[in-house]
Amino acid sequence: MKIAAMLGVATSLAGCGATKTPGQLIVKGDKFEVTLQEYDQVLRQMPPVMKESVAPMRRILLQHLIDEKLLAEAAVSAGMDDDPETSQAVAAAKRAILAQAYLRNLTGKLPKADPREIETYYKTHPALFSNRRRFLIEEYVLTSNIPDIRSYTDAFDHGDFNALSAMISNKIPFLQPAVVARFSDELPENRDGALEKLTPGSNIVYQSPGQVHLGRIQSITVEPVPLEAATGRIEQSLAADRAADIAQATVKTLRKSRNVEILNANLKQAVAEVSPKAPQS
C-alpha cells in the first residue's frame, strides 16, 4: 500500500500546476495539498470495520495520507526518486498496478453463473457443501519461521501426537495445545479426497499465514450447507475461476505474440514444469 501511495504522490506532483477547484482540495499548506480523489483512493483500501469505527478510521487514514505525502515529497526533493533501489521499487509497483488494472478491465463484467452451473458446482464439491465436515482438532500452533521448525514436523510425521507433545514440553514448555473447530472448507485443498480419509485420532498438518498447525483430530461431524445458502459463495468461486481462465489465456496469447523466451538455461529448466500464471486481479 505504501509503495502504491508513493506512486500516487509522484502522479499528483506531475500535475501540481493544474488548477483545482476548492471542492477538490481537502488539505492545503505551503506548496502542499491533498485532493479529495487521493483521499477517496485511500478510503477504497480501508479494511472492513464496525460501524462505530468508520469515522475514527477515516480520520486516521487522512492523517496517514498527509504524513505519507509529506515524507514522499521530501524524498523527491532530496533526489531519492533517482536512487536505483527506490526507482526499481516504484517501477515494480507501477508494473503490478497496470497488470492488475488490465486484468480487471478484461474480467470486470463477466456474466453471472446460471442456476445449472451453480447446481453442478454444488454437486461436484461435496466436501464443501453437501458433505461438509466439522473437525474438532487438538493442535499446537508454531510460527513458521522458528529455526528448527522441520524437527517438529519430522517428529510428528515419524511419531504421534504424544511424541510431539513430549518434544514441545522439553523445548517450548510454555506452549500448550488448543482445541479448535475447523470445517473442511477451511483446511488445505482436498487433494485425492484426503479429508474424507481422516478419522478421529488421525494426525493433521496444515498451514495458515506465518503458522504451522500440528494436530490430532478428536471428533468429526457432518454439517452440510444447503444449496440455497451456498449459492452466493458458488457464484463468487465460478466468477474467480472464469477470471483466472481469462487471465491465463491472455498471458498465453501475449507470450506467443511477443515471442517470449527464457534465455538463462538454469532458469529455463527451473520453470519447465511450471505453467505460467497471470497476476491476480
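Me: What does the secondary structure come to?
Reply: The chain has nine helices and six strands. Helices (H or I, at least four residues) and strands (E, at least two) are DSSP runs, numbered from the N terminus.

Me: And where do the coordinates come from?
Reply: This is a predicted model, with residues numbered from 1 along each chain as its sequence is written. Local features need pLDDT of at least 70, side-chain atom pairs count only at pLDDT 80 or more, totals for chains, interfaces and linings use all residues, and side-chain values use heavy atoms, with hydrogens and water left out.

Me: How much of the chain is buried?
Reply: Buried residues make up 26% of the 281 residues. Buried means under 20% relative accessible area, exposed over 50%, partly exposed in between (1.4 Å probe, protein chains only).

Me: What share of the contacts join residues at least 24 apart?
Reply: 69%, among contacts between residues at least 6 apart in sequence. Contact means heavy atoms within 4.5 Å.

Me: OK, strands. What does strand 3 pair with?
Reply: Strand 3 (residues 133-143) pairs with strand 6 (residues 211-222) in the antiparallel sense, over eleven bridges. Strand 3 also pairs with strand 4 (residues 178-183), again antiparallel, over six bridges. Two strands pair if DSSP finds at least two bridges between them.

Me: Which residues stand opposite each other there?
Reply: Arginine 133 stands opposite valine 222 in strand 6. Isoleucine 137 stands opposite valine 180 in strand 4.

Me: Arginine 133, then. Buried or exposed?
Reply: Arginine 133 counts as buried because its relative accessibility is 12%.

Me: What else does arginine 133 touch?
Reply: Not counting residues up to four places away in sequence, its contacts include Arg182, Phe183, Leu195, Lys197 and Ile220. Arginine 133 and isoleucine 220 are 87 residues apart in sequence, yet 6.6 Å apart in space, C-alpha to C-alpha.

Me: Which side chains make polar contacts with glutamate 139?
Reply: Tyrosine 206 is one, at 2.6 Å. Histidine 213 is another, at 2.9 Å. Leaving aside neighbours within four places in sequence, glutamate 139 is also in contact with residues including Phe161, Pro177 and Arg182.

Me: Switching topic. How are strand 1 and strand 2 joined?
Reply: Four bridges join strand 1 (residues 25-29) to strand 2 (residues 32-35), and the two run antiparallel. Valine 27 has valine 34 as its bridge partner in strand 2. The two strands form a hairpin with two residues between them.

Me: What is phi for lysine 31?
Reply: Near 55°, a positive value in a residue other than glycine. Lysine 31 lies in the loop between strand 1 and strand 2. It counts as exposed because its relative accessibility is 81%.

Me: Where does asparagine 259 lie?
Reply: In the loop between helix 8 (227-257) and helix 9 (265-270). Asparagine 259 has a positive phi of about 50° although it is not a glycine. At 67% relative accessibility, asparagine 259 counts as exposed.

Me: Last one, helix 4. What span should its residues give?
Reply: The 24 residues of helix 4 (residues 84-107) should span 34 Å at 1.5 Å a residue, and the end C-alpha atoms are 34 Å apart, which agrees. The expected span is 1.5 Å times one less than the number of residues.

Me: Which of its residues are buried?
Reply: Ala93, Leu103 and Thr107 are the buried residues of helix 4.

Terms used
Polar contact = N/O pair within 3.5 Å; in protein donor to acceptor, adjacent residues only side chain to side chain.
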